[in-house]
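Here is a short briefing on one protein chain.

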Amino acid sequence: MSVQTAEASYHPTTLGELDLAERLVVWSFRRWVSGTENWALVEHEFRRQFTETTAHGALRSFAMFVEALRCHARRVIRYHQPGCPCLGCDEVCVLTMITAAQAGDMNLARATGRWLVRAEGLEDLLQAAGALGRAMARQDLHLPRRIGDDTRPVPRPEQFDGTITLH
């Protein structure tokens, strides 16, 4: 179950700052776009997170979302490799779009979608984001809203500890 808290209302920059529902989206996205050899991992995770009757539909919606993004991207969509702790801007856009669609904020979903895809792919992307958001909500996987919280101070970045992360 995904829980929204006041602590989760700032804009994350690492996977460790995401809640369960958000991690599911980013984890699945990274693996799906990294190659067909990873699709079975994503399917297994969806079967773990969703009931038997809803896993297939949720996975299909997810695959349709990525396919719409792949076919109609306005530019190169950047993502981090599986296992990287960082969170990229396009990954945040994917989360924002699915979150907005789940919350019924179609203005934000549409605006984010326009940033990601050309006009001819926008409706397919919106439809898939909405279907995935609804499937996640039925499973009690609610994506936390992280917008409109500009009054909170931005947390200071952690000091660099000397370790190197490969992207």
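The protein chain holds six helices and zero strands (DSSP runs numbered from the N terminus: helices are H or I, at least four residues; strands are E, at least two). Along the sequence the pattern reads α-α-α-α-α-α. The model is predicted: local features need pLDDT of at least 70, side-chain atom pairs count only at pLDDT 80 or more, and totals for chains, interfaces and linings use all residues. Residues are numbered from 1 along each chain as its sequence is written, and side-chain values use heavy atoms, without hydrogens and water.

**Whole chain**
- Of the 167 residues, 43% are buried (under 20% relative accessible area, 1.4 Å probe, protein chains only).
- The chain exposes about 9600 Å², with 55% of it from carbon and sulfur atoms (Shrake-Rupley method, 1.4 Å probe).
- Among contacts with a separation of 6 or more, 72% join residues 24 or more positions apart (contact means heavy atoms within 4.5 Å).

**Helices H4 and H5**
- H4 (residues 89-103) packs on H5 (residues 106-116) at about 150 degrees, with axes 8 Å apart (axes are lines fitted to C-alpha atoms over the stretch in contact; angles run from 0 to 180 degrees between N-to-C directions).
- That angle makes H4 roughly antiparallel to H5 (over 145 degrees).
- The crossing of H4 past H5 is left-handed (the near helix is turned anticlockwise from the far one by less than a right angle).
- H4 contributes Asp90, Cys93, Val94, Thr96, Met97, Ala100 and Ala101 to the contact.
- H5 contributes Met106, Leu108, Ala109, Thr112, Gly113, Trp115 and Leu116.
- By class, the H4 and H5 contact has 10 nonpolar, three polar and one charged residues (Ala, Val, Leu, Ile, Met, Phe, Trp, Tyr, Cys and Pro count as nonpolar; Asp, Glu, Lys and Arg as charged; the others, Gly among them, as polar).

Conventions: Angles under 35 degrees count as roughly parallel, over 145 as roughly antiparallel, 65 to 115 as roughly perpendicular and the rest as oblique. Buried means under 20% relative accessible area, exposed over 50%, partly exposed in between (1.4 Å probe, protein chains only).
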